[in-house]
Amino acid sequence: MKIIIFVLLSTLMPAVVVADWETNMPRGVTPTSIAAYDLHMLIFYITVVIGILVFGVMLYSIIHHRKSKGYQAATFHESTKVEIIWTVIPFLILIGMAIPATKTLIMMEDTRNSEITLKVTGYQWMWKYEYLEDDIAFFSKIDKDSNKARRLNSSIDVNKVEHYLRNVDNPVVLPTNTKIRILLTASDVLHAWWVPELGGKKDAIPGYINEMWIDIKEPGIYRGQCAELCGKDHAFMPIVVKAVPKSEYHKWVSIQKDNRIATKEN
Amino acid sequence: MNTKTKKTYYILVAFTIFMFSFSYMLVPLYDLFCDITGLNGKTNKVKAIVIEEPSERFIKIKFVSNVAQSAPVKFYPIEKEMTVQIGKIYNTKYLITNTSKTNMITTASPSVVPGEMSQYFRKIECFCFNHQEIKSNETKELGVQFMIDTEIPNDADSLILSYTMFDITEKNINKKVSLK
Amino acid sequence: MSANLEHAEHHQPSGIMRWITTTNHKDIGTLYLFFSLLMFFIGGLMALVIRAELFEPGLQLVVPGFFNQMTTMHALIMIFGAVMPAFVGLANWQVPLMIGAPDMALPRLNNWSFWILPFAFTMMISTLFFEGGGPAAGWTLYPPLSLQGGNSMPFVIFSIHLLGLSSILGAINIIATILNMRAPGMTLMKMPMFVWTWLITAFLLIAAMPVLAGAITMLLTDRFFGTSFFTASGGGDPVLFQHIFWFFGHPEVYILILPAFGIISTILPTFSRKPLFGYDSMVYATASIALLSFIVWAHHMFTVGMPLAGELFFMFATMLIAVPTGVKVFNWVATMWRGSMTFETPMLFSIAFIVLFTIGGLSGLMLAIVPADFQYHDTYFVVAHFHYVLVPGAIFAIIAAVYYWLPKWTGKMYDEFLGKIHFWLTTIFVNVTFFPMHFVGLAGMPRRIPDYAVQFTDFNAIASVGAFGFGFAQVLFLYILYKALKDDVTVGEKAWDGAQGLEWTLSSPPPYHSFETPPKVE
Ligand SMILES: [Cu+2]
């Protein structure tokens with residue numbers, strides 16, 4: 001099977017040079033993303049075990065209990081005992097899942113004691129970022145190269161565009177090892193701010209604010225995009241977060257402030 | 001149609017109509033639910049409050065402003081942050097400027113995070129949902145009078161009050177004529 | 001019997017008028033099934049437009065606006081046009097035959113509830129040719145985006161109203177038939193599982209569809225009559241729409257799957273030559289799934305920012321649904337256990353149903369876990385999940401039912417060899433299409449996007465190849481149906497040696513008016 005697919009693919013898409021077979025959720029670099037990942041893997045393994053058990057019994061039955069082998073059908077059609085067993089056991093498994101899920105959720109929803117507040121506003125089709133404590137604000141939208149290449153029949157090979165659809169003109173710069181409270185709202189329709197490696201998403205709702213928190217443990221560039229259908233260019237409002245050590249972040253902040261004063265004076 | 005079938009039919013039609021009206025009942029139910037749980041940080045109601053002794057605790061409040069649909073207004077809080085004593089009444093203001101060449105009618109919707117805390121954010125006076133008529137290039141002050149309820153849990157962190165300003169001139173086109 | 005037939009032919013208009021004026025449950029069942037087949041292919045073509053555009057990154061075929069219309073229409077047509085009418089068609093054919101009734105309780109109403117459908121869908125699909133195009137906000141119609149749409153919106157809403165009306169009338173009819181027209185001796189707890197699941201589904205329909213009608217009426221008045229149910233500037237809340245919509249939407253999910261449970265519970269015992277395991281617990285499990293479906297709606301919208309208590313409540317309630325669903329799956333496996341199985345096409349589709357639906361159910365369990373759902377929500381993982389429960393779930397069950405009862409309806413047998421080829425092609429391609437969607441979803445690809453970052457290319461290409469394969473396999477299905485009707489391979493009363501139930505006591509095809517004198521059930 002795999003070989004057939006492979007042959008099919010290699011004939012169909014000679015353009016693909018670097019194959020990317022990422023099949024799982026990124027573990028991410030924040031306490032929330034790591035907790036979500038661990039929970040995801042735990043539940044995944046449980047479901048795999050359940051699947052193997054159920055399908056194993058079924059497969060055994062399919063192989064052995066067939067008419068062509070002359071197997072005579074039994075006549076039983078109920079058993080209160082087994083029915084109770086397979087009601088109670090799944091229930092206990094569910095409780096086993098619910099406990100870590102509840103703990104994680106409580107941790108995720110606790111936005112207290114955050115050091116800085118970043119307000120994110122969704123627009124059709126870009127993001128606005130405001131650093132409430134430092135009075136910095138800017139828009140961030142898809143970069144020029146991606147934007148050109150994404151047009152219908154643009155005749156640009158998108159595989160050659162760097163970070164196609166995942167690059168912006170102004171990335172959000174955030175400090176590492178800092179609890180950051182993110183406020184979300186929207187100007188027009190629903191959007192959702194999502195960078196997989198920084199943890200889950202929250203909806204940005206016009207007229208209301210939502211909140212979530214992140215604490216980035218490793219410097220780096222993290223990419224994501226809008227995750228709630230927001231009209232025709234929903235696919236084209238990427239998010240790029242540049243996480244830098246605190247000292248570098250403070251430098252960046254003061255540069256932004258200087259720039260603003262300079263533009264004001266002009 | 002025999003009588004039994006007729007009876008079933010009428011009961012089911014009645015149930016259908018009930019479920020349709022139930023969808024409309026969900027609207028006030030939802031508001032009630034929001035009020036109790038602070039869902040979405042709804043703080044629509046301006047409530048009468050009982051003045052009590054202010055407590056010794058202090059809490060930080062951040063004020064945030066948004067403009068919907070990129071309307072041509074400047075809208076921001078005069079104070080971005082206040083540290084307030086719980087149980088004491090405070091006043092603050094937002095400023096709105098109409099930067100367009102035409103007169104405008106606006107309205108604002110409030111929202112508080114964390115949503116669970118919005119029930120303790122008591123607004124005594126608020127401009128939410130008032131229709132503001134603002135002439136071209138005019139600036140108005142919009143006052144908020146509020147108090148943080150003494151019932152607020154001890155472990156509460158800073159609260160954020162946000163207003164979103166909507167340009168609703170088009171929806172109220174008749175009033176616009178009278179404005180001129 | 002033959003006197004009956006002649007009698008019927010005397011009064012029956014012939015040609016097209018027969019079909020327009022018919023009040024016969026078999027005719028209406030046939031109409032529903034053909035209509036659903038047509039919609040399945042129209043909705044399928046839209047899916048192929050989507051998959052063709054997603055074959056590689058970059059936009060090659062359609063503009064994003066049209067892409068969004070395709071995703072919206074594909075969903076609306078498949079849910080309201082393909083799956084629901086197919087189930088109603090099966091109920092029309094089978095419920096009277098299975099409970100020993102001469103016809104549906106409300107035959108004229110039955111005619112109406114079908115003939116509303118073609119008009120509603122003509123109106124809905126015609127909006128694609130409007131200036132500004134059809135609906136593009138997703139089938140969930142979330143405001144404020146759905147309020148931004150072009151002129152199509154009121155027409156789409158009106159056609160959804162009509163569809164809702166049609167389903168409600170159909171449901172009322174089915175309930176009235178099941179409650180009042182059972183043959184003497186057929187108590188509720190002796191009814192075939194298919195009848196039970198449909199009875200419960202019909203109640204879900206009557207409870208849920210009016211709520212959808214209310215939600216979209218509010219959308220309409222928000223847009224055109226100055227109400228603000230869902231606009232924040234007037235004190236409304238866009239999230240309220242989501243709550244009302246999913247209050248309908250979650251029961252709707254079970255409307256799309258409970259009759260499938262009934263079909264599988266009918267087919268498995270036939271080909272295992274062994275009675276259904278745990279009939280009583282099957283009935284109770286179905287009923288509890290239906291009841292639970294009214295208190296889990298918010299799990300479709302965990303990311304809107306609910307209070308912690310709300311999130312926990314909806315998470316626990318959703319996880320709880322796994323218990324009765326698990327009971328069903330275990331009972332099916334126990335039905336097969338120590339049976340004397342043969343593997344004709346309906347059985348093959350039923351076994352594939354159990355395996356693939358269970359996979360969809362298990363990914364559903366993963367989605368119930370709120371912290372993980374913050375990552376899964378609105379990604380292709382969700383798309384993979386609900387296609388696993390709807391395609392190899394609902395649609396496999398419908399196909400299995402058609403193979404299973406076709407000999408009864410027409411008196412003719414399909415080509416078993418071709419049926420098996422159809423099964424294997426369908427099953428392989430359904431997995432090639434939808435399994436890779438789990439991977440791209442987990443890796444971070446949001447749903448409802450016409451173009452994607454290049455790291456998602458490979459799995460998308462595979463999914464697209466699978467989708468086209470799946471589409472062509474269904475053309476084979478058409479041919480098998482055509483061949484069965486053309487070739488004259490007739491069958492007797494009992495097309496399957498292990499089949500149980502009243503319908504198999506009738507001739508194949510059954511007389512136009514069957515069970516005029518009710519059979520006795522001991
Ligand atoms: Cu967006």
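At 0% relative accessibility, A:His191 counts as buried, the term being used for residues under 20% relative accessible area, with a 1.4 Å probe and protein chains only. The model is a predicted one, in which local features need pLDDT of at least 70 and side-chain atom pairs count only at pLDDT 80 or more, whereas totals for chains, interfaces and linings use all residues. Residues are numbered from 1 along each chain as its sequence is written, chains are lettered from A and ligands numbered from 1 in the order in which they are written, and side-chain values use heavy atoms, with hydrogens and water left out.

A:His191 is one of the protein donors of the copper ion, which lie 2.1 to 2.5 Å from it; donors are N, O and S atoms within 2.8 Å of the metal (3.2 Å for Na, K and Ca), and since water is not among the atoms, sites may look incomplete.

| Donor residue | Donor atom |
|---|---|
| A:His191 | ND1 |
| A:Cys226 | SG |
| A:Cys230 | SG |
| A:Met237 | SD |

The arrangement is tetrahedral because the four donor atoms subtend angles of 95 to 125° around the copper ion, the term requiring four donors with all angles between 85 and 135 degrees. Along the sequence, the donor residues follow the spacing H-x34-C-x3-C-x6-M. A:His191 lies in strand E6 (residues 191-193) of chain A and A:Cys230 in the loop between strand E9 (220-225) and strand E10 (238-244) of chain A, so the pair ties together parts that are 39 residues apart in sequence; strands are DSSP runs of at least two residues (E), helices of at least four (H or I), numbered from the N terminus. A:Cys230, too, counts as buried, at 0% relative accessibility.

Chain B comprises two helices and nine strands, and of its 180 residues 52% count as buried. An open sheet of four strands in this chain has the order E2-E4-E8-E6, with antiparallel pairing, where two strands pair if DSSP finds at least two bridges between them. Its edge strands, each pairing on one side only, are E2 (73-77) and E6 (121-125) of chain B. Strand E4 (residues 89-98) and strand E8 (residues 139-148) of chain B are joined in the antiparallel sense by nine bridges, and B:Ile96 has B:Lys140 in E8(B) as its bridge partner.

Key:
Tetrahedral: all angles 85-135°; square planar, octahedral: opposite > 155°, others 65-115°. Buried < 20%, exposed > 50% of the residue type's maximum accessible area, 1.4 Å probe, protein only.
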